[in-house]
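Me: Here is a model I would like to go through. For each label, I want the value set against its cut-off.

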Amino acid sequence: MEKIKLLVTIKTYPIPSAKYDELVCTAGVTEAGEFIRLYPVNFRELEYAKKYQKYQWMEVLAERHKGRDVRRESYRPETKSIRMLGEPIPTRAGSWDDRARFVLAKKSQSMEDLYDQQERDRTSLGIFKPSKINDFLMKPDSAEWKPSFLAELKQQRLWDDRKATKEPPRKIPWKFQYQFECSDSRCRRNHCMMIEDWEIGALYWRMVDKGAAPQEAAQSVKAKFFDEICGSDKDTHFFVGTVLAHGTWVIVGTFWPTLRPQLSLLP
């Protein structure tokens, strides 16, 4: 085990797991800007004092994953050791600068650059700035987890009475994707990547719980994640990471300060 100090920048939407009960992939950057992934984390089971927020520093004991996960940033945390270090960096004027000095320290130039790094050294996390964000796609999806998957989860929970009656996280009945281009001569000009950000699911269910119909809630997500986050006045970057089972890349978060020419960290 080693002690890791991490600025949390990524939380994926929770999914049921037959092995881990429930899985949230958490990632962030060290003070040197190196990316680190922490999993498994059953976020809803953490005690309140350990429920970290985005852009909050934490310390945790963790060890590198072994076996089939050979991604260089993957660590297995000892969740009982999680210790929060102060409050999250707030969203006040200038706070994007405070975040950018860590978040963009190891910025990649394009998705093509990250594909190269993946081949070279098993890189599986990164951040880059797309040259153009063309669209935000919403595709209807099943509202229920696969029955076989839920059966495995139920069987696993029989050994833990405390979890036996806990409902799995709600499944979002949509697949959300960004279509974008990179400022790279190798770019195919038609990247289309899934979005797995925790905040996209949280916004969707917040709107549904307020009485919005599914289509209306999905439109609210688009208004936030496309019209606002990708607006012409924003310097939008994508956090991306790979899915262990397939090695494919998905978008796991956004970094979207307002454009300011004098902010030298955001070219």
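This is a predicted model: local features need pLDDT of at least 70, side-chain atom pairs count only at pLDDT 80 or more; totals for chains, interfaces and linings use all residues.

Reply: Residues are numbered from 1 along each chain as its sequence is written, and side-chain values use heavy atoms, with hydrogens and water left out.

Me: Why is the aromatic pair of Phe-43 and Tyr-52 called edge-to-face?

Reply: Rings of Phe, Tyr and Trp (its six-membered ring) pair if their centres lie within 6.5 Å; planes under 30 degrees apart count as stacked, over 60 as edge-to-face and the rest as tilted. Phe-43 and Tyr-52 have 5.0 Å centre to centre and 70 degrees between the planes, so the pair is edge-to-face.

Me: Why is the pair of Phe-128 and Phe-180 called tilted?

Reply: Their ring centres are 5.7 Å apart and the planes stand at 45 degrees, so the pair is tilted.

Me: What makes Phe-128 count as buried?

Reply: Buried means under 20% relative accessible area, exposed over 50%, partly exposed in between (1.4 Å probe, protein chains only). Phe-128 has 0% relative accessibility, so Phe-128 counts as buried. Phe-180 is also buried, at 0%.

Me: How do you know that the charged end of Arg-99 sits over the ring of Trp-96?

Reply: The rule asks for NZ of Lys or CZ of Arg within 6 Å of the ring centre and within 35 degrees of the ring normal. The charged end of Arg-99 is 4.9 Å from the centre of the Trp-96 ring. Lys-171 likewise sits over the ring of Trp-145, 5.8 Å from its centre.
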